[in-house]
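I opened this notebook to keep track of what I looked up, one entry at a time. The sequence and the structure come before the entries.

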Amino acid sequence: SSSTVLALWACVAAACCVDRCSFITMVCECQWGLSCLFLGGFVILAAGVFSFFPFVLGVLKYDWYVALCYLWLTLGVTMFGLGFLYELFCCAPKQRFGNEKRGLASAREATAGEDDIASAPTPYIMITA
């Protein structure tokens, strides 16, 4: 199973290093990192629900069932971890919001002495022809 993790990591590394989109004119909307994060979290939760029966209630204590619970947990943790690493190291600047500058205020700030008195906006006057 370490070879499986290695193979998955190689796929993620290859996706980071090569051009992921074959269409040059389109912005790449691939969301591999977020998809792996959310699906991995869902698989972890599902594995926890199914593991509740043999480990807490003591029913369904078959060897194959417990092995499947561990398998699903391993799959979920692997997906979650690879999604986290992908988001951490491989966020493409070519995506739609890649050039967004968060935290910078773009609104006009009030200046002292000029905007001390609040006034209503200028009413719109319709021009008749």
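**Helix H3 and its surroundings**

I began with the span of H3, which has 27 residues and reaches 38 Å from its first C-alpha to its last, close to the 39 Å expected at 1.5 Å a residue. The expected span is 1.5 Å times one less than the number of residues in the helix, and helices here are DSSP runs (H or I, at least four residues; strands are E, at least two), numbered from the N terminus.

I noted that this is a predicted model, in which local features need pLDDT of at least 70 and side-chain atom pairs count only at pLDDT 80 or more, while totals for chains, interfaces and linings use all residues. Residues are numbered from 1 along each chain as its sequence is written, and side-chain values use heavy atoms, with hydrogens and water left out.

**The chain as a whole**

I counted three helices and zero strands in the protein chain, and the pattern read along the sequence is α-α-α. Of the 129 residues in the protein chain, 16% are buried (buried means under 20% relative accessible area, exposed over 50%, partly exposed in between, with a 1.4 Å probe and protein chains only).

**H2 against H3**

I then looked up how H2 (residues 32-57) and H3 (residues 63-89) meet: their axes come within 7 Å and cross at roughly 160°. That makes H2 roughly antiparallel to H3, since angles over 145 degrees count as roughly antiparallel, under 35 as roughly parallel, 65 to 115 as roughly perpendicular and the rest as oblique. The axes are lines fitted to C-alpha atoms, for helices over the stretch in contact, and the angles run from 0 to 180 degrees between N-to-C directions. The crossing of H2 and H3 is left-handed, a term for a near helix turned anticlockwise from the far one by less than a right angle.

**Residues in H3**

I listed the buried residues of H3, among them Tyr 65, Val 66, Gly 76 and Leu 82. Between the C-alpha atoms of Gly 81 and Gly 33 I noted 9.5 Å, for a separation of 48 residues along the chain.

**Cysteines and a loop residue**

How many disulfides does a search of the whole structure find? It finds zero, a disulfide being a pair of cysteine sulfur atoms within 2.5 Å. Cys 69 is buried at 5% relative accessible area, whereas Cys 36 is partly exposed at 21%.

My last entry is Leu 60, in the loop between H2 and H3, which has a positive phi of about 60° although it is not a glycine. Most residues other than glycine have a negative phi. Leu 60 is partly exposed, with a relative accessible area of 37%.
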